[in-house]
Amino acid sequence: MQTVLAVDDSETMRQMVKMTLQTGSYNVILASDGEEALNTFMSTTGVDLVVTDINMPKLDGLGLIKAIRERNQDVPILALTTESEDTMRKKGAEAGANGWMTKPFKPAQFIEVVRRII
C-alpha cells in the first residue's frame, strides 16, 4: 500500500483528503501545518506522495515544498489549494511541486491525479 502525507491547516479538509485517499487504497498520514509535515516527512520512511495546502501557519506550502526538495528530489509533491492564479502555480513549480490542484476537488478526479503523479 502506498503512503501519502497530506498537509492542510483545515481539519475538515484533512479528513476529506484522508477519506478520499483511503477509498483509493492509500495509507494516509496527516499533518496540520508545514512544520509538522516536514518533521513527519523526515521521520517517516516510505512516503510515496506529499499532498500540501499552500496557505498554512508556521511553514507555508511553498516553504514545505522547498524544504522537502532540499532533502529529497524524488518524492512527488501535489499542491492542493484554493490558489488558482498562474503566478502561484509558477511559484509552486519553481519550488518543486509536480502538480497543482484547486479546491474544492472532486474525489474521482483527485484520485486520478494522485495515481498519475505517483
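The model is predicted, so local features need pLDDT of at least 70 and side-chain atom pairs count only at pLDDT 80 or more, while totals for chains, interfaces and linings use all residues. Residues are numbered from 1 along each chain as its sequence is written, and side-chain values use heavy atoms, with hydrogens and water left out.

- Helices (H or I, at least four residues) and strands (E, at least two) are DSSP runs, numbered from the N terminus.
- Five of the five residues of strand 1 are buried (under 20% relative accessible area, with exposed over 50% and partly exposed in between, for a 1.4 Å probe and protein chains only).
- Strand 1 is therefore largely enclosed by the rest of the structure.
- In a regular strand the side chains alternate between the two faces of the sheet.
- Strand 1 is covered on both faces, with Thr3, Leu5 and Val7 buried on one side and Val4 and Ala6 buried on the other.
- Val4 has Val28 as its bridge partner in strand 2.
- From strand 1 the chain crosses through helix 1 to strand 2 in a right-handed β-α-β crossover (with the strands pointing away from the viewer, the path from the first strand over the helix to the second runs clockwise).
- Val4 has Leu49 as its bridge partner in strand 3, and Val7 stands opposite Thr52 in strand 3.

- Strand 3 (residues 47–52) has five of its six residues buried, so it is largely enclosed by the rest of the structure.
- Three bridges pair strand 3 with strand 4 (residues 77–81) in the parallel sense, and Val51 has Leu78 as its bridge partner in strand 4.
- A right-handed β-α-β unit is made by strand 3, helix 3 (residues 61–71) and strand 4.
- Strand 4 and strand 5 run parallel, joined by four bridges, and Thr81 has Thr102 as its bridge partner in strand 5.
- The chain goes from strand 4 through helix 4 (residues 86–95) to strand 5, and this β-α-β crossover is right-handed as well.

**The cavity**

- Rolling a probe the size of a water molecule over the atoms shows where empty space is left.
- Here a cavity is a set of points, on a 1 Å grid over the protein atoms alone, where a 1.4 Å probe fits but cannot get out; lining residues have an atom within 4 Å of a point.
- Grid points are joined across faces, edges and corners, and a volume is the space filled by probe spheres set on the points.
- The structure has one cavity of 30 Å³ or more, and the largest cavity has a volume of about 40 Å³.
- Among the residues that line the largest cavity are Ala6, Asp8, Met13, Arg14, Val51 and Leu80.
- Helix 1 (11–23) gives the most to this lining, with three residues.
- The lining divides into six nonpolar residues (Ala, Val, Leu, Ile, Met, Phe, Trp, Tyr, Cys and Pro), three charged (Asp, Glu, Lys and Arg) and one polar (the others, Gly among them).

**An aromatic pair**

- There is one aromatic pair in the structure (rings of Phe, Tyr and Trp, its six-membered ring, with centres within 6.5 Å).

**Loop residues to look for**

- Lys103 and Pro104 are joined by a cis peptide bond, with omega about -5°.
- Pro104 sits in the loop between strand 5 (99–102) and helix 5 (107–117), and is exposed at 73% relative accessible area.
- Pro104 and Met13 are 91 residues apart along the chain, with their C-alpha atoms separated by 9.2 Å.
- Ser25, in the loop between helix 1 and strand 2 (27–31), has a positive phi of about 65° although it is not a glycine.
- Lys58, in the loop between strand 3 and helix 3, has a positive phi near 70° and is exposed at 64% relative accessibility.

Note on methods:
Two strands pair if DSSP finds at least two bridges between them. On a 1 Å grid over the protein atoms alone, a cavity is a set of points where a 1.4 Å probe fits but cannot get out, and a pocket is an open set with protein on both sides within 12 Å along at least five of seven lines; lining residues have an atom within 4 Å of a point. Rings of Phe, Tyr and Trp (its six-membered ring) pair if their centres lie within 6.5 Å; planes under 30 degrees apart count as stacked, over 60 as edge-to-face and the rest as tilted.
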